[in-house]
Amino acid sequence: MFPIDIDFSRLKEVFTYDPQAPMIFSSGIFLWLFAAFMVVYVLLQHKYTARILFVTLFSYYFYYKSSGTYFFLLAIVTVCDFLLAQLMYRTEGYWKRKGLVTLSLGVNLGLLAYFKYTNFLGGVIASLMGGEFTALDIFLPVGISFFTFQSLSYTIDVYRKEIQPLTSLLDYAFYVSFFPQLVAGPIVRARDFIPQIRKPLFVSQEMFGRGIFLILSGLFKKAIISDYISINFVERIFDNPTLYSGVENLMGVYGYALQIYCDFSGYSDMAIGIALLLGFHFNLNFNSPYKSASITEFWRRWHISLSSWLKDYLYISLGGNRKGKIRQYLNLIVTMFLGGLWHGASWNFVLWGTFHGVALAMHKIWMTITGRRKGEQSHGWRRVFGIIITFHFVCFCWIFFRNADFQNSMDMLGQIFTTFRPQLFPQLLEGYWKVFALMLLGFLLHFAPDSWENAVCRGVIRLPFAGKAVLMVALIYLVIQMKSSEIQPFIYFQF
């Protein structure tokens, strides 16, 4: 036997919100808590309601650790949309149903507008009227853009009579708050997720192995590649672009393109992997987007859950391609304009979205002129050329996405086109060799054939449990070394 000394100050930190260290999948505290969570989850595998309640409570705790007391917004959205969907299902009148779905839109988009866009819209209105606007002190709850869109997919689908509403508030709370995708996506459709809620818990060897592979892949992309190149290179370039030559700015743009992909897709990979370990299937959210040979293909591969949501619930609602070519092009631009605004309340996001909307419309025009069919793939050198052009257009747009200040974006472009100085590249490579090694590795892994990734995944699936555990522990140890201050244990064993 040995005594146990409990550090209650550390234990208190586990149950209180720290705005300086919100909980995310790659944080040390989550790795500890998830291990304990899984023990209880497995013990409740045959108790459906108890397991659903336990996961829902843990999800609310996870959201509290991410956003503090604003978890009540999650409850408001959940209760309102659950009740509105029930009323919609029992209502036959067209205008009554229309009113109920409009009320759901008002609740969700109203919350989103207040917390995310009040200061932005106030500033715009004040500038148009020649007045001044003092920004309000409004905290932006983490993930509000995701869970409002997710809940809206449910009420809109009920309105369209594509699904039947749930009869259990607990089941709906479980769907909206399910912690793997709660704060950063993917946006999970009700029609895909709800049928899985009451199924018997079953995790096959293939699901378990694929889940481990995705968690490892996501951790590596998010916590190692993205975080390292961001802190040690990308941020320096974007913060002061005029201090660096054109070649350094261009490498910074390439670095940011990799950083944002590894950040977004890494978190999605972890979410999908964790869901698999819990017995749930999410759809693919990123599919090697920089392999795209056109901007249309890019949006079929980038943040698929968001792009498909915008298509199904915004683009089609605006008329899609049903009202003529001109209207179709306008609908694309409006959809991407609003998609840009969804990312953040700033003109740089609006500009980024508009660039993509115009590019999508121009590609549709080009497809019409050349007579190419929808979904038709280019091949050979034509595809290589298309990938190069598409990648550099996306990188160009990332400059405006990353820089909140328009002048900073113009400074970067000015440095790239007027002060390139390629002779500085060897010196740059020598000074930042670790950053460039990770960038090279990241792009090589991204552009590698899908068959290679599938082969590695199959290898992880075939590994015995001990082998999977060794891989997980090794990568977690590496992450811990980078985030050592986050995971000091609150229980010390004294031998």
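Pocket here means an open set of points on a 1 Å grid over the protein atoms alone, where a 1.4 Å probe fits, with protein on both sides within 12 Å along at least five of seven lines. The volume is the space filled by probe spheres set on those points, which are joined across faces, edges and corners.

Quick word on the source: this is a predicted model, local features need pLDDT of at least 70, side-chain atom pairs count only at pLDDT 80 or more, and totals for chains, interfaces and linings use all residues. Residues are numbered from 1 along each chain as its sequence is written, and side-chain values use heavy atoms, with hydrogens and water left out.

Back to that second largest pocket. It is lined by 39 residues, and the closest to its centre are Phe-213, Leu-214, Ser-217, Asp-269 and Glu-453; lining means having an atom within 4 Å of a point. Which helix gives the most to this lining? H9 does, with ten residues. Helices, by the way, are DSSP runs of H or I with at least four residues, numbered from the N terminus. The lining splits into 23 nonpolar, nine polar and seven charged residues. Nonpolar covers Ala, Val, Leu, Ile, Met, Phe, Trp, Tyr, Cys and Pro, charged covers Asp, Glu, Lys and Arg, and the others, Gly among them, are polar.

Now the largest pocket, with about 1,400 Å³ of space. Its lining has 47 residues, and Ile-295, Thr-296, Glu-297, Leu-360 and His-363 are the closest to the centre. At least two lining residues come from each of H11 (295-301), H12 (304-315), H13 (325-343), H14 (347-370) and H15 (380-402). H14 gives the most, ten residues. By class we have 20 nonpolar, 16 polar and eleven charged residues in this lining.

Keep H13 in mind, and let's move to helix packing. The axes of H5 (residues 94-128) and H13 come within 10 Å and cross at roughly 105°. Axes are lines fitted to C-alpha atoms over the stretch in contact, and angles run from 0 to 180 degrees between N-to-C directions. That makes H5 roughly perpendicular to H13, a label for 65 to 115 degrees; under 35 is roughly parallel, over 145 roughly antiparallel, and the rest oblique. Lys-116, Tyr-117 and Phe-120 of H5 meet Leu-341, Trp-342 and His-343 of H13, where contact means heavy atoms within 4.5 Å.

Next, H3 (residues 48-67) and H4 (residues 71-90): their axes come within 8 Å and cross at roughly 135°. So H3 is oblique to H4. On the H3 side you'll find Tyr-60, Tyr-63 and Tyr-64, meeting Phe-71, Leu-74, Ala-75 and Thr-78 of H4. This contact has six nonpolar, one polar and no charged residues.

Last pair: H6 (residues 144-159) packs on H7 (residues 169-177) at about 135°, with the axes 9 Å apart. These two are therefore oblique as well. H6 brings Phe-147, Gln-150, Ser-151, Ser-153 and Tyr-154, and H7 brings Tyr-172, Tyr-175 and Val-176.

Finally, aromatics. The structure holds 62 aromatic pairs, meaning rings of Phe, Tyr and Trp (its six-membered ring) with centres within 6.5 Å. In one of them, Tyr-154 and Tyr-172 sit 4.4 Å centre to centre with 40° between the planes, which is tilted; under 30 degrees would be stacked and over 60 edge-to-face. Tyr-154 is in H6 and Tyr-172 in H7, so the pair ties together parts that are 18 residues apart in sequence.
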